[in-house]
Amino acid sequence: MKEAILHSAKDAVEAAKFLLEEKSISFIESATLLITTCYKEGGKLLIAGNGGSLCDAMHFAEELTGYYREKRAALAAIALSDPGHMSCVANDTDFNEVFARSVEALARPGDILIVLTTSGNSKNLHNAVLAAKEKKIKTIAFLGKTGGCIKGLSDLEWIVEGFKYSDRIQEVHMAAIHMIIEMVEKQLFDSSSKGMEPPSHSQLRVKAPL
């Protein structure tokens with residue numbers, strides 16, 4: 001068993017190295033700047049995924065609405081995870097429409113839809129991206145493998161390639177998510193905002209590009 005554990009650990013380390021690639025750094029920087037602009041203009045994030053990626057979407061949202069590394073104003077983010085909504089839409093129409101319907105209901109000008117999928121072939125996320133385009137909001141896609149049917153649809157995308165199983169892709173996605181949240185905090189807040197009441201969006205300010 002120890003040999004199997006060591007093999008798995010080495011595999012995880014190799015996956016983490018994907019974050020060092022220029023395309024990964026560029027994606028993290030671009031996502032950070034899109035999100036900080038969204039917040040500066042009073043927008044919010046809508047974040048969606050299936051299974052483990054839905055758990056990652058919830059994690060992403062709570063780090064923004066709650067706290068990450070510093071005490072600072074709450075940032076608006078909604079994980080599209082409401083079971084009442086999802087079971088209603090899936091029962092009345094089709095599970096492929098659950099996220100698109102949420103986007104239709106919740107998206108407003110200036111918002112961003114973020115989708116997380118290790119295959120890129122989740123039809124409900126594909127439809128959500130199309131719904132976001134109808135609402136004229138920007139989209140960010142965390143993808144895996146070949147990028148699937150969602151490849152090329154979003155304003156900004158990142159494809160974690162070269163890994164057979166979803167677990168490694170999700171691990172890399174989550175590491176990037178943590179980095180983006182860290183950079184968003186650095187962009188929007190400075191030491192003077194710590195411990196203060198949450199500022200209005202007009203008080204948030206984006207610093208110079210990283």
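The model is predicted, so local features need pLDDT of at least 70, side-chain atom pairs count only at pLDDT 80 or more, and totals for chains, interfaces and linings use all residues. Residues are numbered from 1 along each chain as its sequence is written, and side-chain values use heavy atoms, with hydrogens and water left out.

**Aromatic rings**

Let's begin with the rings. A pair of aromatic rings is described by the distance of the centres and the angle of the planes. Here, rings of Phe, Tyr and Trp (its six-membered ring) pair if their centres lie within 6.5 Å; planes under 30 degrees apart count as stacked, over 60 as edge-to-face and the rest as tilted. The structure holds six aromatic pairs. One of them joins Phe 27 to Phe 142, edge-to-face, with 5.0 Å from centre to centre and 90° between the planes. Phe 27 belongs to helix H2 (residues 22-40) and Phe 142 to strand E4 (residues 138-144), so this pair ties together parts that are 115 residues apart in sequence. Helices (H or I, at least four residues) and strands (E, at least two) are DSSP runs, numbered from the N terminus.

Phe 142 also pairs with Phe 60, again edge-to-face, at 6.5 Å centre to centre and with 90° between the planes. Because Phe 60 lies in helix H3 (residues 52-65) and Phe 142 in strand E4, the pair ties together parts that are 82 residues apart in sequence. Both Phe 27 and Phe 142 are buried, where buried means under 20% relative accessible area, exposed over 50%, and partly exposed in between (1.4 Å probe, protein chains only). For Phe 142 the relative accessible area is 1%, and for Phe 60, also buried, it is 1%.

Ring pairs link these phenylalanines into a cluster made of Phe 18, Phe 27, Phe 60, Phe 142, Trp 158 and Phe 163. Phe 163 sits in the loop between strand E5 (156-160) and helix H7 (166-188), and is buried with a relative accessible area of 14%. Leaving out residues up to four places away in sequence, Phe 163 touches Glu 14, Ala 15, Phe 18, Lys 145, Arg 168 and Ile 169; contact means heavy atoms within 4.5 Å. Phe 163 and Asp 11 are 152 residues apart in sequence, yet 9.4 Å apart in space, C-alpha to C-alpha.

**Helix packing**

Two helix pairs are set out below. Axes are lines fitted to C-alpha atoms, for helices over the stretch in contact, and angles run from 0 to 180 degrees between N-to-C directions.

| Helix pair | Angle | Axis distance |
|---|---|---|
| H2 and H7 | about 50° | 9 Å |
| H5 and H6 | roughly 25° | within 7 Å |

Angles under 35 degrees count as roughly parallel, over 145 as roughly antiparallel, 65 to 115 as roughly perpendicular and the rest as oblique. H2 and H7 are therefore oblique to each other, while H5 and H6 are roughly parallel to each other.

H2 passes H7 in a right-handed crossing. The residues making this contact include Phe 27, Ile 28 and Ala 31 of H2 and Ala 176, Met 179 and Ile 180 of H7. H5 passes H6 in a right-handed crossing too. A crossing is left-handed if the near helix is turned anticlockwise from the far one by less than a right angle, and right-handed if clockwise.

In helix H5 (residues 98-106), the buried residues are Val 98, Phe 99, Ala 100, Ser 102 and Val 103. Their cover includes strand E1 (45-49), helix H4 (83-92), strand E3 (112-116) and helix H6 (123-134). His 126 has its place in helix H6 and, at 13% relative accessibility, counts as buried.

**Two positive phi values**

Lys 136, in the loop between H6 and E4, has a positive phi near 60° and counts as exposed at 72% relative accessibility. Lys 145, in the loop between E4 and E5, has a positive phi of about 55° although it is not a glycine, and is partly exposed at 32%.
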